[in-house]
Amino acid sequence: MRQRNIGDVILDVRNISLAFGGVKALQSISFDVREHEVRAIIGPNGAGKSSMLNCINGVYHPQEGEIVYKGEVRRDMDTHHAAESGIARTFQNLALFKGMSVLDNIMTGRNLKMKTGILAQALHFGPARAEELREREFCEHVIDFLEIQPYRKTPVGRLPYGLQKRVDLGRALAAQPQVLLLDEPMAGMNVEEKQDMCRFVLDINDEFGTTIVLIEHDMGVVMDISDRVVVLDYGKKIGDGTPDEVRNDPEVIRAYLGAGH
Amino acid sequence: MSGLPPVTADTFPRLLAHHAKVRGARPAMREKDLGIWQTFTWRQVADEVRAIACGLAAQGLKRGDHIAIIGANRPWVYWTIAAAQSIGAIPVGLYQDAIASELVYVFQNAEITHAVVEDQEQVDKVLEIKEQAGLIAHIYYDDPRGLRHYSQPELTAFEKLRAIGREYDAANPGFFDAEVAKGKSSDAASMFYTSGTTGHPKGVVHTYAALIDRARVGCEMEGLSDAEEVLAYLPPAWIGQNIFSYAQALVAGFCVNCPEAAGTVTSDMREIGPTYYFAPPRVYENLLTSVTIRMEDASRIKRGLFKYFMGVAERVGGRLLDGQAVGLPDRLMYWLGDLTTYGPLRNVLGMSRVRVAYTAGEAIGPDLFRFYRSLGINLKQLYGSTETAVFVCVQPDGQVSAETVGPPVAGVELKIADNGELLIKSPGLLREYYKNPAATAEVLTNDGWYHSGDAGIIDAHGHLRIIDRAKDVGRLANGAMFAPKYIENKLKFFPFIKEAVALGDRRDMVSAFINIEMEAVGNWAEKRGITYSGYVDLGSQPAVRDLIRECVEKVNADLAREEKLADSQIRRFIILHKELDADDGELTRTSKVRRGFIGEKYGPLVEAIYGGRDEQFIETQVKFEDGRVGKVSATLRIMDAKTFPAARKAA
Amino acid sequence: MFYRENGQFKASYVEDQQILGIRQDRWFIFGLIAFALFAVPYLASDYMFRAVLIPFLIVSLAAIGLNLLVGYCGQISLGHAAFMGIGAYAAYNLVVRFPQLNFILVLVLAGLIAALVGILFGLPSLQIKGLYLGVATLAAQFFIDWVFARVKWFTNYSPSGSVSTAPIEMFGFKFDTPTERYLLVLVVVIVFALMAKNLVRGHIGRSWMAMRDMDVAAEVIGIRPMYAKLSAFAVSAFYAGVAGAMWGFVHLGSWEPAAFSVNFSLNLLFMIIIGGMGSILGSFIGAAFIVLLPITLNQILPVLGGLVGMNFGTALASHMEFMIFGALIIFFLIVEPLGIARLWAIGKEKLRLWPFPH
Amino acid sequence: MAARKNGPVIALGVVLAAGLAAPLLTGSAPGFYLEVLIGGLMAGVLYSLVALGFVLIFKASGVFNFAQGAMVLFAALALARLAEWLPGWIGIPAGFPALALAFVLATGIMIVLAWVVERVVLRPLVAQDPVALLMATLGVTFFLDGFGQTIWGSDVYKIDLGISKEPTMILQSMFEGGILVSKEDLVATVIATLLVLMLALFFQKTATGRALRAVADDHQAAQSIGIPLNRIWVIVWAVAGFVALVAGMVWGSKLGVQFSLAQLALKALPVVILGGFTSIPGAIIGGLVIGVGEKMAEVFLGPPLVKMWDLAGGGIENWFAYVLALLFLMVRPEGLFGEKHIDRV
């Protein structure tokens, strides 16, 4: 039923290498992401998947390589630039703002779009107020989309894990990203939760044409929803292609059997 | 007089026009969407309806056509109903959970050409049956999510439909008003499908006259004004929902509120605080259960407070509500209770502002009923059905009881046929079953009486009392009426009794099989230090037998007070050694007892009862969860219960 | 229990986002303010104004300031009294050098100057966190203390090193009676507290809390740590500055550099720990607590002493005060890290759900 | 993040060195200069003593013990008062014997204190974020200050180590006029050195000491090899308490035991920042640097400053240490000897 219109390369990662002290997390990794596609990064634990995402949105700064995003070549990203130019992400181990409500978390995801100054804010008048209301409405659409209306005002800490994951996604979505990096969005979820999450990811991709780069352990999920897959193993890229190609790649199979998957 | 619109406004579209004129700026509908209660004034609603109506017309929907509407409680559902009616089409509400095969029949039967549905799920369902359903030409969907890539020509977004309508309206200015003017009160207004127990569902056709008359009577009786707030949370396809949230709203001009999602109904109810509320007994029961459960883990003090004041309420609350005389000290205590308990409780239940609350459809337990009334919530019973446009009997304030459903409301005549069946004459009767004259003739005799299929009694105060389905009512040997379900219900209202089967058709006395409620009886026994090994053992404890006997005798006492049923007092009963179970064919899947089957299966017991024996050995087959078949056997004691002289009251 | 929320539905975001969403709360707060404005002036004694109400209100404002930084933005400061000092001296110098300035304007300017210094001493927060930052702020404290103790210019070359203020005058009206001064302070505090509340429920407040709760996630969202932290320091110091100016002019009248010592800073910290981190209300509660405790102790201890036939001197009272503060800090950190305000909130929830426990 | 920037550190070092050398070059009497230098070192030794306490506790329990100063005051008060009272109670001769016994008792008190703190404060707050723990120790500080003065009294008391306050002349041969050094300071230095040696031995040679090091390196690891964390904490706090006692004794004998000790002890904060939170040598060297630094600043930098902006007196030493530490934080947050750590997402 899903008919796709994959565009050109929007994000191109070129021989990225990253090391922490002696530890080589990534060794000259290259792959590209096309607009509107769902791109999966898989690999055993410690393969450097999260590090890869962290390089893409500027949390880490690779020692070598370059990142081409929307035609702009950069040595490395910085988080603010990444966010401003439409890259958002979710986190593997929930990184929600636990002191805030669901709504506030999502509103915070909207922060870049909110510009009024401190004085206006303090007086809560005119533009500041209008902006607040406008963005609230936008965030309500996100809440609606992710079907978390009943929890709007609940402190995120009180939500079950699966829902927290959803809020995390909502926070990223609030920024209306062009590229959405999902770090194991379904980790630790039960079957229904996974199905829901899959549905949301696909809907996001359909409805907003958001390009999605996701890390996922659940092979079934990856093979179902992703258009192309990169396989990392111990910081090296050992496979890249459509789910079928990857599934039958002997190298990949070996790595996975080796890693006990 | 609650300022109801003039009788000249005799169709819903005209009523809508009237309100748009006299109270155009007042809220007509609210929908919790995007976190707030988006409000639509009567004028806005009128505009929306106009646009949709014109859109449908432009899309080729014609006077007399049927249009299917499948959706949750959302404003567009009600707007579409009004829109269809504006151009003389007949809206047919369908349940969201209806399965494809049901849809197929309805779509064929009503020759549906247009369908307005909620979302992808419903669209898929309708598309799936398109081939069999034949005529379906247009499907409008409200929520585009997931439908982006659908290319079927039938599909149109609801948004689009309204846009089309606005253009069409601009192009043909006079069109809409002309169409509304064409409508006659004798026209078919809506069609409601009732799923009969057997065979295909029947389409109940109601005219404007019928629906509006009933709605108006209800409003006048309760003095409903345009200040009411109702929460629309029951399926719109159900006639009750249509009456309470559409017909009456359009008559009285009050505001209908649509909850945000199925999961938020309770909290939305807390926010809105409806003033006019309907719920089937089941809902009230669940509410009460949740209250008791939540109170259980409350602090000691709170529990004590609650217990004490509920006691006060039970004593005083009902009487206060019925405006009877109550002593000052009691009034004071109740006032205190209201401050500390009832008030807060009503608040958390969302019932602080309820002026009128109805329940109907099933017999409601007296305790349950009393609980809400004692809280100061004006809960009343009502009797009606799809065919009678709901309002047949309603309990007027001050004449409320758990047993009756009140006297007939204005315009209704009641008659009990010789077989005990209730016959109804009312302006609200159905016009016909759509394209089913045979069925129509069955229920609607040409002397104008509608055969309800319910067996009822009219008591000395002229209050109707529904006792059973007519077909289940039998006769005792002496010819007295025997209504098993009525007796069984009375028994089941006791917490200790889970299931009951009343026997006695064509016999000289009534007897009963009883299943005890393991948990309740178990606790009761433990409190008294009675040890027991299991279900059978518990049931055969003398103390338990006596407990059940008391219940039975209480029921007998009740029955004795009703002349027609005095003979139905339970002479003997048996506490069964196994729970009646659908897997063993003793209950239907909807857990109604299958008397005939049970009568045969437990033949020996029946003989023992009527053979006057004191105990009887029985062995029965049981199916276990894992499908294995086993046998349980026991020697059951047959108990005798005290009966009471029939109290012949001076009528 | 007292809440009746049926029918209090929100039909617009304006309603939904108002500070006091529930009617009953609105009544309560408005009632309280009305009482403070119209009743208290007739009820309270001069001593009450001088020793309790005025200091309470002023330190509340300072505590709000500190809470914005520590409670909302998660940046610790052990030297916040220094910013009050800056406000006080700034105001003093402004008044001395431009006598015609309107007092309100003086307050604001004093706040702004404090804000600038706040930004300056906030810079380390971009590099360092937690403990380290604490020491950095201590450095600020001691350095600033020293500056005011030694640099004569700031004390307008007063030989004793202590300064005394001119009477407060605005629009030709003199604020000399305690009542007038109380009302002045009250109004200022209400206004600024409201502004603080607005800040923390706006996007800037959210960016602060984001830094506090999960700084990496905040950066990924696009929040600039520098802007978030420095704005927090600035605003926080601004509040401290305004409070300091009032402390000097309205409460003390004349003071020495020691008036804004590190102990004052620590007291402010205690206020928000006990009152409630990340809560404007908590700032008030904490302030009330810290202001009232010593006074009550001074009142009660001698009496108690009398009962057991010993005489507790004021020295003991102050020692007891120390011990109780210390114990309370530990108690709250362990039992309810979010302070009395949290307890208040829980109680409120319970009342809303009454008679249900949850 | 990983990239180290040593430039600034070196720069800062150079500036300090220059500052150190400047007076000589600007021709102030070398004798006087040396005197100041030694004075600074002496003061530094005292800072080091308090700093040691900090480092011990931080190493073992990751707690930034703001209360170290309060502990010094408390210990000193206990020592002074007990030494004063004991003769009255059990009639042992005043002077050294009483002092000795008082010292033993005070040590016991500090151990009890350590135990209480572990029970009441650390255990409930285990695995809280450091700031919360810091604030908890703030609470401890206040409690101790109040408690100490309540039971021991709040006047100024003196501890008499039986050393004459007479300063002695040394190195007369080298400089005319020689250099004045107070015996106390010498004694202090000796004691401090001894203490440091003891600690060093304790950490290197004893099982407990090694255990402590293990904990410092990695809490999980420590637990996994079966070291009861709670006991470790008690021990460490006890040791810190003992260090505080010694510091209190030396300091008290020099300046008299009074509330200001607690404030003085705050100076240890910049010291540990300079030396690094986890480094014992760091604490010592840091202490010396600060001690010398602020003395030098006071003596040689003060007057010109005062002249320049005509200040009401110097008093630079009040802030010098902190500002120095602050600068240091900017360029090398982990301190001179602290180990650096990269934090990952």
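How many residues of chain C are in contact with chain D, and how many of chain D with chain C? The points below take that interface up, then turn to the other parts of the structure. This is a predicted model.

1. **The C–D interface.** Chain C brings 40 residues into contact with 42 residues of chain D. On the chain C side, helices H6 (124-127), H7 (130-150), H11 (262-275) and H13 (314-335) each give two or more residues. That side of chain C divides into 30 nonpolar, six polar and four charged residues.

2. **H3 against H11 in chain C.** Helix H11(C) also packs on helix H3 (residues 46-72) of chain C. Their axes are 9 Å apart, at an angle of about 75 degrees. Angles of 65 to 115 degrees count as roughly perpendicular, so H3(C) and H11(C) are roughly perpendicular to each other. From H3(C), the residues that meet H11(C) include Val59(C), Ala62(C), Leu66(C) and Val70(C). Their partners in H11(C) include Leu268(C), Met271(C) and Ile272(C). By class, this contact has nine nonpolar, three polar and no charged residues.

3. **The largest nonpolar core.** This core has 301 residues. Val72(D), Ala76(D) and Leu79(D) touch the most other members. At least three residues come from each of domain 1 (1-86 + 177-261) and domain 2 (97-176) of chain A. Leaving out residues up to four places away in sequence, Ala76(D) touches Ile159(D), Gly248(D), Met249(D), Trp251(D), Gly252(D), Val257(D) and Leu261(D).

4. **Phe371(B).** This residue lies in helix H14 (residues 366-374) of chain B. A residue counts as buried if 20 or more other C-beta atoms lie within 10 Å of its own. Phe371(B) has 23, and is therefore buried.

5. **Two domains in chain A.** The domain assignment gives domain 1 (1-86 + 177-261) and domain 2 (97-176). Taken over C-alpha atoms, the domain centres are separated by 26 Å. The contact takes 11 residues from domain 1 and 10 residues from domain 2. On the domain 1 side, helix H2 (79-84) and helix H7 (191-208) of chain A each supply at least two residues. H7(A) gives the most to that side, with four residues. The domain 1 side divides into eight nonpolar, one polar and two charged residues.

Conventions:
Residues are numbered from 1 along each chain as its sequence is written. Chains are lettered from A and ligands numbered from 1 in the order in which they are written. This is a predicted model: local features need pLDDT of at least 70, side-chain atom pairs count only at pLDDT 80 or more; totals for chains, interfaces and linings use all residues. Two residues are in contact if their C-beta atoms, placed from the backbone, lie within 7 Å. Ala, Val, Leu, Ile, Met, Phe, Trp, Tyr, Cys and Pro count as nonpolar, Asp, Glu, Lys and Arg as charged, and the others, Gly among them, as polar. A nonpolar core is a set of buried Ala, Val, Leu, Ile, Met, Phe, Trp, Tyr and Cys residues joined through C-beta atoms within 7 Å. A residue is buried if 20 or more other C-beta atoms lie within 10 Å of its own, exposed if 12 or fewer, and partly exposed in between; C-beta atoms are placed from the backbone. Domain bounds come from an automatic or database domain assignment. Axes are lines fitted to C-alpha atoms, for helices over the stretch in contact, and angles run from 0 to 180 degrees between N-to-C directions. Angles under 35 degrees count as roughly parallel, over 145 as roughly antiparallel, 65 to 115 as roughly perpendicular and the rest as oblique.
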